[in-house]
Amino acid sequence: MSGLDAARLAAVISPLRRTLLAAARDAEHLPEIPDAQIEIIRALPRDTASSPGELAGRLGLSRPTVSNLLTAMEANGLVERRPRPGDRRHVEVHLTAKALDLFTRFDRASSDLVAAAAGALTDDDRAVLAAALPVLERLRDALAAPRRTP
């Protein structure tokens, strides 16, 4: 890996993510929502539904883990499990208006915080960050690919 300090990159990514999450929560006075629940919310775009098994496969988690997460999320008013139309033996998971509102506020606060922090950087630094985005997206996808393979 020519010139890439993988340990340094890994050491930056996790704290960066936690810092952004905490700052966004503070900015919007958002409740503490575990990362795994946020990933479920992210995996259910607006006006879509998935079965618990589909969510487990998409996120690379076990079905019992997803079931436990959904139980907690349902208790907190973040998801609803409803019978699948035409096949009442299966359930679909839907986000609630509360979850969509929290997620919209979190994304807006995160974007605003990143924009403000990037504004303190030099033009050259911002250009490097912009150029790195596609590479970081491919890195994310490469890291997620093994989790999605059965």
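First, the ground rules. The model is predicted, with local features needing pLDDT of at least 70 and side-chain atom pairs counting only at pLDDT 80 or more, while totals for chains, interfaces and linings use all residues. Numbering runs from 1 along each chain as its sequence is written, and side-chain values use heavy atoms, without hydrogens or water.

Now the cavity. Searching the whole structure gives 1 cavity of 30 Å³ or more. A cavity here is a set of points on a 1 Å grid over the protein atoms alone where a 1.4 Å probe fits but cannot get out, and lining residues have an atom within 4 Å of a point. The volume of the largest cavity is about 110 Å³. Its lining consists of L21, R25, L30, P31, I33, I38, I41, L102, F103 and F106. Helices α1 (6-28), α2 (35-43) and α5 (97-119) each give two or more residues to that lining, and α5 gives the most, with 3. By type, the lining has 9 nonpolar residues, no polar ones and 1 charged.

Next, the surface. A nonpolar patch is formed by I13, L133, L136, L139 and L143, with about 430 Å² of accessible area together. Patch residues have over 30% relative accessible area and no salt bridge, and nonpolar side chains are joined within 5 Å. Helix α6, residues 123-148, gives the most to this patch, with 4 residues. L143 sits in helix α6. Why is L143 called exposed? Because its relative accessible area is 58%, and exposed means over 50%.

Notes: Patches are made of residues with over 30% relative accessible area and no salt bridge: like charges are joined within 9 Å, nonpolar side chains (Val, Leu, Ile, Met, Phe, Trp, Tyr) within 5 Å. Accessible areas come from the Shrake-Rupley method with a 1.4 Å probe; for residues, only the protein chains shown count as cover. A salt bridge is a side-chain nitrogen of Lys or Arg within 4 Å of a carboxyl oxygen of Asp or Glu. Buried means under 20% relative accessible area, exposed over 50%, partly exposed in between (1.4 Å probe, protein chains only). On a 1 Å grid over the protein atoms alone, a cavity is a set of points where a 1.4 Å probe fits but cannot get out, and a pocket is an open set with protein on both sides within 12 Å along at least five of seven lines; lining residues have an atom within 4 Å of a point. Grid points are joined across faces, edges and corners, and a volume is the space filled by probe spheres set on the points. Ala, Val, Leu, Ile, Met, Phe, Trp, Tyr, Cys and Pro count as nonpolar, Asp, Glu, Lys and Arg as charged, and the others, Gly among them, as polar.
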